[in-house]
Amino acid sequence: KQPMKNKKEKGEKAEKKFIEYLDKHKIPYWYIQQDINTYSKALKNYNIQRPDFFILIPDKGFILIDVENKIPLKKYSKFCICDLKTKKYQNLQKIFNLEIFYAITNDKMHFSTWYFLPISKAVELRKKYLVKEKNYISAPIDSFTQLSNNENFTKLLAG
């Protein structure tokens, strides 16, 4: 088995595993094509980020998910979340009144655990955990909602 070489490949692997998770729990979704030709020119004026998934939730509507393949900082039990990406998701959330989450996993845990964090919470964490010189938010793992592959997504929505 070849190790994953680059960030794009790692991200694609995590997205594939997220699709398997959603399918396993019969959660309806649309995978958002990241091709430049599928992005509206009008959206370029908003300084926003395009998430990976559009999750449909009966009786609620939908949420957007950005899947990330990240390994926590060993010493501090924190995930490093890109501050610029968070700002762009914050813009998307504010302008269009959307609910957006990060979903983080990695191959070291065999993609069997997912860590979910709403963008609104990431913005709150920025106040205390922003590492300015590196442009990331050092988000403590305990601020995430953790789900195993066997737990249904509805646990995320209960909180």
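Ile-95 is part of helix 2, which covers residues 83–96. Helices here are DSSP runs of H or I with at least four residues, strands are runs of E with at least two, and both are numbered from the N terminus. The model is a predicted one, in which local features need pLDDT of at least 70, side-chain atom pairs count only at pLDDT 80 or more, and totals for chains, interfaces and linings use all residues. Residues are numbered from 1 along each chain as its sequence is written, and side-chain values use heavy atoms, with hydrogens and water left out.

Helix 2 has 14 residues and reaches 20 Å from its first C-alpha to its last, close to the 20 Å expected at 1.5 Å a residue. That expected span is 1.5 Å times one less than the number of residues. Just after helix 2, Asn-97 has a positive phi of about 55 degrees.

## Buried and exposed sides

The buried residues of helix 2 are Asp-83, Thr-86, Tyr-89, Gln-90, Leu-92 and Gln-93. Buried means under 20% relative accessible area, exposed means over 50%, and partly exposed lies in between (1.4 Å probe, protein chains only). The cover over these buried residues includes strand 3 (61–69), strand 4 (78–82), strand 5 (100–105), helix 3 (119–129), strand 7 (130–131) and strand 8 (136–140).

Ile-95 counts as partly exposed because its relative accessibility is 41%. Together with Tyr-46 and Phe-96, Ile-95 makes a nonpolar surface patch of about 260 Å². Patches consist of residues with over 30% relative accessible area and no salt bridge; like charges are joined within 9 Å, and nonpolar side chains (Val, Leu, Ile, Met, Phe, Trp, Tyr) within 5 Å. Accessible areas come from the Shrake-Rupley method with a 1.4 Å probe, and for residues only the protein chains shown count as cover.

## Salt bridges

The structure holds 10 salt bridges. A salt bridge is a side-chain nitrogen of Lys or Arg within 4 Å of a carboxyl oxygen of Asp or Glu. In one of them, Glu-99 pairs with Lys-60, with the closest N and O atoms 3.3 Å apart. Glu-99 lies in the loop between helix 2 and strand 5, and Lys-60 in the loop between strand 2 (53–57) and strand 3, so the pair ties together parts that are 39 residues apart in sequence. Glu-99 is partly exposed at 33% relative accessible area, and Lys-60 is partly exposed at 47%.

Two other pairs lie within helices. Lys-16 and Glu-20 meet at 3.6 Å, N to O; both are in helix 1 (residues 7–24), four residues apart, about one turn of the helix. Lys-127 and Glu-124 have their closest N and O atoms 2.9 Å apart. This pair is three residues apart in helix 3, about one helical turn. Lys-127 is exposed at 67% relative accessible area, whereas Glu-124 is partly exposed at 47%. A network of salt bridges links Asp-66, Glu-68, Lys-70 and Lys-85.

## The whole chain

The protein chain has four helices and nine strands. Its radius of gyration is 15 Å, which agrees with the value near 15 Å for a compact globule of 159 residues. This radius is taken over C-alpha atoms, and the globule rule is 2.2 Å times the number of residues to the power 0.38.

Of the 159 residues, 42% count as buried. The chain exposes about 9700 Å², and carbon and sulfur atoms supply 51% of that area.

Key: Contact = heavy atoms within 4.5 Å.
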